[in-house]
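Thanks for coming, everyone. Let me put the model up, and then we'll walk through it.

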Amino acid sequence: MKRILIADDEEKIREVIKEYATFEGYEVFEAENGMDAVNMCKEHDFDAVILDVMMPKLDGFLACKEIKKIKNIPILMLSARGEEYDKLFGFEIGIDDYVVKPFSPKEVMARLNVIISRNTKTDDKKDVLKFSGLTIDIPARNVFVDGEKIDLTPKEYDLLFYFAKNKNIALSREKLLCDVWGYDFYGDDRTVDTHIKMLRSRLGKYRDYIVTLRSLGYKFEPQEG
């Protein structure tokens with residue numbers, strides 16, 4: 001049985017998510033604030049954590065940062081704020097997905113199932129992908145540029161790994177949304193464009209490995225190492 005932690009200061013929200021999660025076979029733990037969520041992650045192993053942004057003692061963003069220092073646990077963020085800045089900041093600090101309140105419990109569960117599934121896949125045939133100046137260590141989820149390890153958010157890593165597995169193939173934004181995010185995304189193509197921009201920044205002088213295809217999407221064209 002997989003374990004999840006729901007951290008939200010609103011009891012009704014915890015109850016609704018817990019009801020759906022329990023029905024799907026999850027063992028559910030609860031926290032009323034960010035500080036309790038961090039402490040529980042120190043004491044227990046979870047397959048995913050659902051964090052509300054606005055919580056007492058420690059908000060969701062700060063709680064996320066502390067949790068990521070402890071363990072690499074998939075995190076789904078809940079927030080009544082739908083501004084792009086908040087979403088981008090969340091992805092920058094390592095969340096795996098972001099849901100804006102009010103939300104459908106079914107959508108929350110669908111997204112939760114996806115991030116858990118994505119982080120437990122172990123069927124990759126190659127352990128390390130190497131290109132000129134760029135190395136992707138799959139088991140360790142590490143990326144090296146000219147031998148130096150770079151820090152990527154979970155979503156940036158998923159995006160780069162997907163590109164690497166599909167090198168030299170034209171990929172539409174819709175295809176990337178479906179395969180990398182893992183569900184029918186309710187939003188616009190700017191989500192992909194924003195993450196591409198951040199990923200290119202991380203890759204530095206190898207940013208041009210990700211080629212923009214006008215009116216279509218992107219293609220990963222690395223130099224072979």
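Where is Lys-205 found? Lys-205 sits in the loop between H8 and strand E11, residues 210-213. Keep in mind that this is a predicted model.

Is Lys-205 buried or exposed? Its relative accessibility is 63%, so Lys-205 counts as exposed. The cut-off for exposed is over 50%. Now look across to Asp-146. Lys-205 and Asp-146 are 59 residues apart along the chain. Their C-alpha atoms are separated by 9.9 Å.

Next, Asp-151. You'll find Asp-151 in the loop between strand E9, residues 148-150, and H6. Asp-151 also has 63% relative accessibility, and therefore counts as exposed. What does Asp-151 touch, once residues up to four places away in sequence are set aside? Glu-156 and Arg-202. Compare that with Lys-167. Asp-151 and Lys-167 are 16 residues apart along the chain, and their C-alpha atoms are 22 Å apart.

Now the inside. The largest nonpolar core has 29 residues. Which residues have the most contacts inside it? Leu-134, Phe-163, Leu-176, Leu-203 and Phe-220. H6 supplies the largest share, seven residues.

Stay with Leu-134 for a moment. Leave out its neighbours within four places in sequence. Leu-134 is then in contact with Leu-129, Val-143, Phe-144, Val-145, Leu-160, Leu-203, Tyr-209 and Phe-220.

Last stop: a helix pair. Two packed helices are described by the angle between their axes and the distance between the axes. Take helix H3, residues 60-70, and helix H4, residues 84-93. Their axes come within 10 Å and cross at roughly 15 degrees. Angles under 35 degrees count as roughly parallel, so H3 and H4 are roughly parallel to each other. The crossing of H3 past H4 is right-handed.

Which residues make the contact? From H3, we have Phe-61, Cys-64, Lys-65 and Lys-68. From H4, we have Asp-86, Phe-89, Gly-90 and Ile-93. By type, the residues of this contact divide into four nonpolar, one polar and three charged.

Definitions and conventions:
Residues are numbered from 1 along each chain as its sequence is written. This is a predicted model: local features need pLDDT of at least 70, side-chain atom pairs count only at pLDDT 80 or more; totals for chains, interfaces and linings use all residues. Side-chain values use heavy atoms; hydrogens and water are left out. A nonpolar core is a set of buried Ala, Val, Leu, Ile, Met, Phe, Trp, Tyr and Cys residues joined through side-chain atoms within 4.5 Å. Buried means under 20% relative accessible area, exposed over 50%, partly exposed in between (1.4 Å probe, protein chains only). Helices (H or I, at least four residues) and strands (E, at least two) are DSSP runs, numbered from the N terminus. Contact means heavy atoms within 4.5 Å. Axes are lines fitted to C-alpha atoms, for helices over the stretch in contact, and angles run from 0 to 180 degrees between N-to-C directions. Angles under 35 degrees count as roughly parallel, over 145 as roughly antiparallel, 65 to 115 as roughly perpendicular and the rest as oblique. A crossing is left-handed if the near helix is turned anticlockwise from the far one by less than a right angle, and right-handed if clockwise. Ala, Val, Leu, Ile, Met, Phe, Trp, Tyr, Cys and Pro count as nonpolar, Asp, Glu, Lys and Arg as charged, and the others, Gly among them, as polar.
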